[in-house]
Amino acid sequence: MSFIEIKGIKKHYGEGESRVDVLNGIDIEIEKGEIVVLLGPSGSGKSTLLNIIGGIDDADDGYIAINGEKTANMSEKDLTLYRRKHLGYVFQQYNLIPNLNIKENVEVGAYLSDKPLETDEILKTLGLYEHRHKLPNQLSGGQQQRTSIGRAIIKNPDILLCDEPTGALDYKTSKEILKLIEEVNHKYGNTVIMVTHNDAIKNMADRVIKLRDGAIRKEYKNETKVSAADLDW
Amino acid sequence: MKNPLNKRIPKELVGDLGKYLVIFVFMVLLIGLVSSFKVVGESIQISFAEGIEKYNMEDGHVVFSEKIDDSIVSLIEEKANLTLYDFEYFDEDIEGTYATVRVYKDRSEVNTPCIMEGEFPKADNEIVLDRLFAKNNDIKIGDTIVLNGRELVMTGTAAFPDYSCLFESNSDSMFDSTIFTPALMTESGYDMMESAHVSHNYAWTYEEDIPREDKKTADKRSSELIDVLEDVLIDANEKYVDEAIAAGKLLILNECLEKIKAQGMDLAMFDSDAGRDMLLEQITDALDEEGVDLSEDFGEILEKYPDKEIKLTADDLKIAMKATQSDVDATDEYLENIENRMLTVEDYLPRYQNQAINFGIDDVGSDSAVVVMFGYIVVAVIAFVFAVTTNNTIISEAGVIGTLRASGYTVGEVIRHYMVLPVMVTFIAAILGNVFGYTVMKNAMEAIEYNSFSFATYRTVWNADAFLMTTIVPIILMFVINLVVIANKLKLSPLRFLRRDLSRRGKKKAFRLSTKMPILTRFRIRVIFQNIPNYIVLFLGIFLGGVLVVFGLMFGPLLEDYANLVVESRIADYQYIVTNNEAVTGNTDAEKFAMTGLMTFDTKYKEEEISIYGIEAGSTYVCAEIPEGKVLVSNILKKKFKLDDGDTVKLRDDITGKEYSFEIAGEYKYDAALAVFMNIDEYREMFDESEDYFTGYFSNEELTDIASEDIYTIITIEDLKKLSNQMKISMGSMMIFMRLFGVIMFVLIMYILSKQIIEKNTTSIAMTKILGFKNGEIGSLYIVATSVVVLLSLLITAPLIHGTINILMNEYLYLKMVGYIPFSVDKSCYVKMYLMGVATYAVISVFQLIKIGRIPKVIALKTLE
């Protein structure tokens, strides 16, 4: 049994003429500790799939099972608990709390876990320790995104969901963030599912799933996996 | 681990200090007001209840026609199981004024006064007056007043427990603390005054305590006492009955003898014993057939003494035959005046019916329900202000909320986070408001109550109910309103937050605006539509503030107008009420009338006395045709009780309980009193009075030829103005409070909501700056939009405020008050309210303009949303 089992996921938005089928039956199996990259152009359904995995959107059909536990059977309360226990989220927009400093923003994530990681250690890992007393608007975009990663991983989630984590960043900063995600994966063994439209990022993945028009066009194990530091685009 | 989001709360507080401070200060003031109102009211009530024993407050008083013997005192005490105190007083006017001073001879045992300032009189030329009266007339300790030609020095002011409200007479529709005061002198000083207006008043206290609210027992005890008094009077007057019978015999026999003489018979033929016996027999037989014709008054007296009978003897006949005409005249006069010499009860007033004791204490705190309700409404508005501002914060922090929710924060945790500040601010404001209410505001509220009533000193009593009502309830209100609004917003899915799609009505389409409109106008219109929830709360706040401001402004002109109306519509400059029908005047300006008071008994309204006037046909004072069998009612009676022509008014005699019905034929303009006007003949018939019965004179000239002892009272123009004068004094401070709160409400609402609108549009404002708009131009976009809403709200609310106050007056004030003041709001009040609102907003918009100037352009570049 795979760690994450995605079976027959279908999703549409709108009705009648404006109906758009976003996902048309997606089947994926993800192993624990894998870095999976969901690749595809805009409108391919990759973010929707990520949101369904994260339990913040519903599927019309099919199911997601984490360690054999199906999310579709969960109540809203159980879903919240599921997210709280198993998931960490990183978005393109960092969504930091503007009037909390960097350390406090990370602690917002720690609060959700019974056994959070050491905040200062995380801050050091993220290279934010010196900036821990600063407010988000005093930091660069890359530093803010690191903070949001810190907030996501401090509770040591089983799964780290990243939705275009480098979408708002420049080349250099993007690479730093990707390196960080890779480092976190190595260090804490989280399963990472990353949505991106940047084709180059697939090279750091253990597995690549290409989506188009709501369907998997290609899925393969990346035999030529490279370090994030070696990525280029 | 403590929720790290909590660390945000003090930062949020400091970051938006202006908003929280304004709300906080307002709530402290509001809760302080409500709390002090309740605490002062209830403390006074408790102290009043304690004062019944402390000052040995009377259970009632009775005024006899003369001083009663100790034996009668003892008899009443024994039969009615009470203690009777000699509580004699006299009334004298202060020279050169209309003010009446009621000086009591001895208050050492009953109704003992509470000295408020100075000291009790020691010398015979010293006097203590009521505190409120002295204040209203600017009489200070050491000042002198002249009473009955004697100069008296005021050595102190006091609160008299039986006059917490300065009603001169219990039948007055309103008290006037500027023209009446109880007073105290030394006993010898009292005697030296030699007043001709002494009342032989006796106060009583029952042996047992009857709680103030137990009117049933008080009524029962009062009825028992009335029975005792009747018995005692019958006994006390028995000697007069014997004298009357003797006099009556002479008159009867004299009348018979006159008839015999008229038949041409010589009385000398009956001069022998046998002749007189024969004549007496004939007279007795004749009288038995016709019945003894005695005067009406004498007949009434005899009715009370069924065991007394008139037995004519030969000796009586002998006296009658020898009586001269002057003897007969003297006896006739004696008989006519015998009732005046009998011991009678002039006035009787149990405590539970005494307005001077009960009116004030009934009034204090009686409005507390309204004040508390007002407090809750304002807290609710503030809660909505909080909810709207929090709603805006939620919108601006949608991404963060979405991330938190996606990360596993529960809806409850996020709701709690956003609710902490409103509830915390309310909680601290409620605690501080109560502290404020028990200290500073208490003094202000005390001043309001003590400006109206003459209460004794009181001790502040901790009031758990008041604390709960002013702490727990506002917190609950704040909690519930914010919970409903915030929870409704936050129950959207995390995804909706992440997508910043928080609209519940689906995707909004921009409504079309004519392109003929200048772009800046369209911009402003869109700002208005973007901020509809803010503007709804703004409108509500302006409306509430407006009600307070107008209410606070309207009473000055209203009472002024009313005083003028009363004077203009007066029946006569003087209404003399006389003590007996012998009070005649030669003044041709005078016109007789009859008057009595009957009570209303419509439970919806406070019970009050209606004046029933009997008017002579062709009256020059009440110029109206009164149809036979019907009545005219004063315009204010008709308005207050919402009566129409053809309706029947039912009134009740408070003493006998007899009910009377009056069919209304129309109205008569008389703004001074709730009155019924009927033909005097019908009046006499209705109230079983004699054909020449009257109670007084209307006159535009002072009547100088009526003896002062024949005048019961004179109703002058000053008396007619009592209601408005008293309301001016008692409501003055409260009206200042109202105005102040209204303006603070304006500041609160206008400041917070206009600030919100600027903050909500920070990015857009920064962007317009980048585009090259000047601060003034940007201000004109955002501030003018709000200005339009403020100005329109001030305009639109005017009729709503008018209607609301009208409803408040009709559905609340008129039901609670005695008398009637026609509702009107001077237009100037609305103009003033408008100007206050505009001035408030002008100041606030300057602050907002400064705020706009401080928004950095970089915000538009940094913000990704």
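Predicted model: local features only at pLDDT ≥ 70, side-chain atom pairs only at ≥ 80, totals over all residues.

Colleague: Let's start with chain A. What makes its radius of gyration agree with a compact globule?

Modeller: A compact globule of 233 residues would have a radius of gyration near 17 Å, and chain A has 17 Å, so the two agree. Its C-alpha trace spans about 50 × 40 × 40 Å along the principal axes. Chain A holds six helices and 10 strands, and 49% of its 233 residues count as buried.

Colleague: And chain B, why is it called more spread out than a compact globule?

Modeller: The globule rule gives 29 Å for 865 residues, but the radius of gyration of chain B is 38 Å, well over that, so chain B is more spread out than a compact globule. Along its principal axes, the C-alpha trace of chain B spans about 140 × 60 × 50 Å. Its secondary structure comes to 28 helices and 20 strands, and 41% of its residues count as buried.

Colleague: How is chain B divided into domains?

Modeller: The domain assignment gives domain 1 (1-54 + 367-507), domain 2 (55-233), domain 3 (238-342), domain 4 (509-568 + 717-865) and domain 5 (574-715). Between the C-alpha centres of domain 2 and domain 3 of chain B there are 45 Å.

Colleague: What share of the contacts in each chain joins residues 24 or more positions apart?

Modeller: Counting contacts with a separation of 6 or more, the share is 87% in chain B. For chain A, counted that way, it is 70%.

Colleague: Now the helices. Why is the crossing of α7(B) and α11(B) called left-handed?

Modeller: The word applies if the near helix is turned anticlockwise from the far one by less than a right angle, and the crossing of α7(B) and α11(B) is classed that way. Helix α7 (residues 238-262) of chain B and helix α11 (residues 325-341) of chain B pack at about 145 degrees, their axes 9 Å apart.

Colleague: Which residues meet there?

Modeller: On the α7(B) side they include Tyr240(B), Ala244(B), Leu251(B) and Asn254(B), while α11(B) brings, among them, Val328(B), Tyr334(B), Leu335(B) and Arg341(B). By class, the contact has nine nonpolar, three polar and three charged residues.

Colleague: Take one residue, then. How do you know whether Ser36(B) is buried or exposed?

Modeller: Count its neighbours. A residue is buried if 20 or more other C-beta atoms lie within 10 Å of its own; Ser36(B) has 28 inside 10 Å, so it counts as buried. Ser36(B) sits in helix α2 (residues 17-54) of chain B. Leaving out residues up to four places away in sequence, Ser36(B) touches Gly437(B), Met441(B), Lys442(B) and Met445(B). As for Ala466(B), it is 430 residues from Ser36(B) in sequence, yet 8.8 Å away in space, C-alpha to C-alpha.

Colleague: Last one: what makes up the contact between the chains?

Modeller: Chain A brings 26 residues and chain B brings 24 residues. On the chain A side, the elements giving two or more residues are α2 (76-86), β6 (87-91) and α3 (102-110). With five residues, α3(A) gives the most to that side. The chain A side divides into 12 nonpolar, nine polar and five charged residues.

Note on methods
Residues numbered from 1 in each chain as written. Chains lettered and ligands numbered in written order. Contact = placed C-beta atoms within 7 Å. Helix = DSSP H or I, 4+ residues; strand = E, 2+ residues; numbered from the N terminus. Nonpolar A, V, L, I, M, F, W, Y, C, P; charged D, E, K, R; others polar. Rg over C-alpha atoms; globule rule 2.2 N^0.38 Å. Buried ≥ 20, exposed ≤ 12 C-beta atoms within 10 Å, placed from the backbone. Axes fitted to C-alpha atoms, helices over the stretch in contact; angles between N-to-C directions. Domains from an automatic or database assignment.
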